[in-house]
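I am opening a notebook page on this structure, to set down what I looked up and in what order.

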Amino acid sequence: MIPALEGSELALSEIRLAADETYLIDDPENDALIYVFAGSGTLAADGSSRPVAAGAAGLVLAGEQARLEAVHGELSAFVATAGPETDRHAPIGAREVVSRLNHADSERATGARSFQVLLGPHNGSTRATLFAGYIPPGKAPWHYHLYDEIVWVPEGPGRLHIGDSTEELGQGSAFRLRPRQVHIVENLSPERTMTVIGIFTPAGSPSAAYLTPDVAAEYRFAG
């Protein structure tokens, strides 16, 4: 769905499994970061099988063999891959094969936004960080990141602003943000928080955002 580009080792594809159908992961070079957004099943990796359902993320390291299987119905997920050139972060926690969303663990990001990291150096993913971002109604100021990022949208309505261009964001939308690409992701709902799932390389913190000079000046003046 979002292929790798020259200068980027990050890609994303969407998979949909029927009941009892299996998706095999066996990549000698790329780490696979999986996010389940509908249904339930199991992820067999690292010598054991673990249950997964909507809101669960799984990590399969390069060279490992893994099996994602739908159980008692369909399962929908995306699989992001990160190549070896992105492996720049030391592990700072024990490896977790499966991680799950817990809104109580959310941290502050740009503006009034918050996020929760599902996979990152804290639990064994040294090549990429996978996180859920929570966007309140409205939009943050123009900003950019130093990392290469792909964002997947579970449900809208939202809007992506890059320069003079605008892209509507609905359920299942996905887009790439290149390093230093100035942008805004806007939540068009007047009352409901919008969730986005992001993955970026190199691994790090989603809160590492930078304001454009004009916006930064406005913030200093307002203070």
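I began with pLDDT, which is the predictor's confidence in each residue, from 0 to 100. This is a predicted model, in which local features need pLDDT of at least 70 and side-chain atom pairs count only at pLDDT 80 or more, while totals for chains, interfaces and linings use all residues. Residues are numbered from 1 along each chain as its sequence is written, and side-chain values use heavy atoms, with hydrogens and water left out.

I noted a mean pLDDT of 91 for the protein chain, with 92% of its residues at 70 or more. Taking helices (H or I, at least four residues) and strands (E, at least two) as DSSP runs numbered from the N terminus, I found confidence lowest in helix α1 (residues 213-222), at a mean of 61, and highest in strand β2 (residues 22-26), at 98.

Next I looked up an open sheet of four strands, in the order β11-β17-β14-β15, with antiparallel pairing; its edge strands, β11 (138-139) and β15 (165-169), each pair on one side only. Two strands pair if DSSP finds at least two bridges between them, and I recorded four bridges between β14 (residues 158-162) and β17 (residues 184-187). His161 stands opposite Ile184 in β17.

Last, I turned to side-chain classes around the open spaces. Which strand gives the largest share of the lining of the largest pocket? I found that strand β9 (residues 114-119) does, with three residues.
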